[in-house]
Amino acid sequence: MMNPGAIRVLLADDEELIRTAIAALLGLEPDLEVVAQAGDGRGAVDAAVAHRPDVAVVDLEMPGLDGIAVAAELATAAPSCAVVILTGHGRPPHLQRALAAGAKGFLPKGSPGGTLADVIRRVHHGARYVDPALAADALTARPCPLTPRELDVLQAAGADTPVAAVARRVHLSQGTVRNHLAAITAKLAVPTRAEAYRTAQEQGWI
């Protein structure tokens with residue numbers, strides 16, 4: 001039954017079990033109503049445009065558009081919709097990029113059940129919420145020593161993509177790609193590109 005006074009919520013998570021569990025929990029709140037669900041980032045944007053929710057709760061990691069990209073798109077496509085990002089393993093750079101993209105809330109999936117409902121209410125009324133532990137980590141986070149171009153190259157290179165393929169993806173010569181990869185491994189003090197890629201992922205730089 002429609003509740004005309006309820007806060008309208010969109011849920012987006014590619015794991016259906018988690019999405020439906022969150023929907024069930026929020027359904028117990030008398031002032032919240034889940035009006036749409038999506039299994040990927042593009043679906044989240046489309047659902048937000050179609051259903052005009054007050055708050056979108058989106059997973060950080062989803063196929064197609066991730067949660068940060070969804071927040072950035074909704075800032076234009078549905079500016080009245082506040083975005084809360086849920087993450088299973090957030091890192092300080094994720095938090096920084098999420099806030100820069102316009103997200104109003106950022107919290108771990110392991111938060112107590114009532115916390116998400118409270119955060120939805122807060123962001124709907126114009127406040128922001130960042131999980132205290134993630135905020136504390138952000139204050140002491142290791143700064144990324146790589147340049148934006150080096151991050152682009154490392155993202156394209158992954159653990160073992162051939163240099164020629166990387167060069168085509170980032171529109172650089174193979175020699176320039178090799179130079180970037182050498183600089184990356186030197187800056188991160190690791191012996192291989194695979195180690196550099198793993199380190200960058202663990203730190204949340206890519």
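**A helix residue and a covered strand**

T185 lies in helix α9, which spans residues 174-188; helices (H or I, at least four residues) and strands (E, at least two) are DSSP runs, numbered from the N terminus. This is a predicted model, in which local features need pLDDT of at least 70, side-chain atom pairs count only at pLDDT 80 or more, and totals for chains, interfaces and linings use all residues. Residues are numbered from 1 along each chain as its sequence is written, and side-chain values use heavy atoms, with hydrogens and water left out.

The relative accessible area of T185 is 17%, and this residue is therefore buried (under 20% relative accessible area, with exposed over 50% and partly exposed in between, for a 1.4 Å probe and protein chains only). Its side chain reaches the backbone oxygen of A182 at 3.0 Å. Apart from neighbours within four places in sequence, T185 is in contact with V190, T192, R193 and A196 (heavy atoms within 4.5 Å).

Attention now turns to strand β3.

Strand β3 pairs with strands on the basis of bridges (at least two found by DSSP between them). Strand β1, residues 7-12, runs parallel to β3 and is joined to it by 4 bridges; L10 has A56 as its bridge partner in β3. With strand β4, residues 82-87, β3 pairs in the parallel sense over 5 bridges, and V58 stands opposite I85 in β4. From β3 the chain crosses through helix α3, residues 67-77, to β4, in a right-handed β-α-β crossover (with the strands pointing away from the viewer, the path from the first strand over the helix to the second runs clockwise).

How values were computed:
Polar contact = N/O pair within 3.5 Å; in protein donor to acceptor, adjacent residues only side chain to side chain.
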